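Here is a short tour of one protein chain, meant to be read with the model open beside it. Please keep the viewer at hand and follow along.

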Amino acid sequence: MIEKLNAHVHNIFAPYKNAKTAKELEEELLQNLLEKYNDHRMNGSSEQEAYKLTVDSIGEVSELMESLNLQYNVLEQAISMDYSRQRLLDSDFRSVSVHDGKFNSCDLSRSDFSHSDLTNSTFKSTNLNNCIFENANLTSTLFKSANLKGVTFKNCLYNKTPILKAVIYQVLFLIRKHSNKPFSRDLH
């Protein structure tokens, strides 16, 4: 019955697996339900009765999760995404979403921005030596006076993406044309 209770709680939280608070709540709820189940068993309930009483005691989790998820999203948006004037060598920015991020006057050498959404971000006077931008959304991202030496741009979205006064040396742009054949250009 404990495995059945565990599976039941896991199924309740399955739609919220991407919410950062869901795993903690799932573990806490499961612990509380196990205690209730054991209490019912100690009070003479059969396994089936104890399971039913325990499961019936669960309230509406979806309302709680929506509320917590909304609060988290508001908090996440409120946090400033300003990484300016920092040394972030070899940083892993893969699969992040940083809209309106500021990466100004910082050293991001050898960092990986693959599969990231950097819409409206700025890289002013930034060292991007040997960075990787693969399948990144660079819509309206500004590269101004940036060091792009050895940077790889592969299959990125470049809608309204200005590159101004940048140091461009050994930059690799791999762009897929409509024919699905890669176009490669190595700038020296």
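## A serine and its neighbours

Leaving aside residues up to four places away in sequence, Ser116 touches Phe93, Arg94, Ser95, Val96, Asn135, Ala136 and Asn137. Bear in mind as you look around that this is a predicted model. Ser116 sits in the loop between helix H4 (61-78) and strand E1 (122-124). Is Ser116 buried or exposed? With a relative accessible area of 2%, Ser116 is buried. Its side chain also reaches the backbone oxygen of Phe93, at 2.3 Å, and Phe93 is one of the residues that Ser116 touches.

## The chain as a whole

Stepping back, the chain has four helices and seven strands, and along the sequence they follow the pattern α-α-α-α-β-β-β-β-β-β-β. Of its 188 residues, 34% count as buried. The accessible surface comes to about 11,800 Å², and 49% of that belongs to carbon and sulfur atoms. Among contacts in the chain with a separation of 6 or more, residues 24 or more positions apart account for 13%.

## One side of a helix

Helix H3 covers residues 47-56, and its buried residues include Ala50, Tyr51, Thr54 and Val55. These four cover an arc of only 125° around the axis, so they lie on the same side of H3.

## An open sheet

Three strands form an open sheet in the order E1-E3-E5, with parallel pairing. E1 and strand E5 (163-164) stand at the edges with a single partner strand each, so one side of each has no neighbour in the sheet. E1 pairs with strand E3 (residues 142-144) in the parallel sense over three bridges. Along this pairing, Phe123 stands opposite Phe143 in E3.

## Two cysteines without a bond

How many disulfides does the structure hold? The number is zero. The table sets out two cysteines to check.

| Cysteine | Closest cysteine sulfur | Sulfur distance |
|---|---|---|
| Cys106 | in Cys131 | 9.2 Å |
| Cys131 | in Cys106 | 9.2 Å |

Conventions:
Residues numbered from 1 in each chain as written. Predicted model: local features only at pLDDT ≥ 70, side-chain atom pairs only at ≥ 80, totals over all residues. Heavy atoms only, no water. Disulfide = S-S within 2.5 Å. Buried < 20%, exposed > 50% of the residue type's maximum accessible area, 1.4 Å probe, protein only. Helix = DSSP H or I, 4+ residues; strand = E, 2+ residues; numbered from the N terminus. Arc of directions from axis to C-beta. Polar contact = N/O pair within 3.5 Å; in protein donor to acceptor, adjacent residues only side chain to side chain. Contact = heavy atoms within 4.5 Å. Pairing = 2+ DSSP bridges. Areas by Shrake-Rupley, 256 points an atom, 1.4 Å probe, with all protein chains shown as cover.
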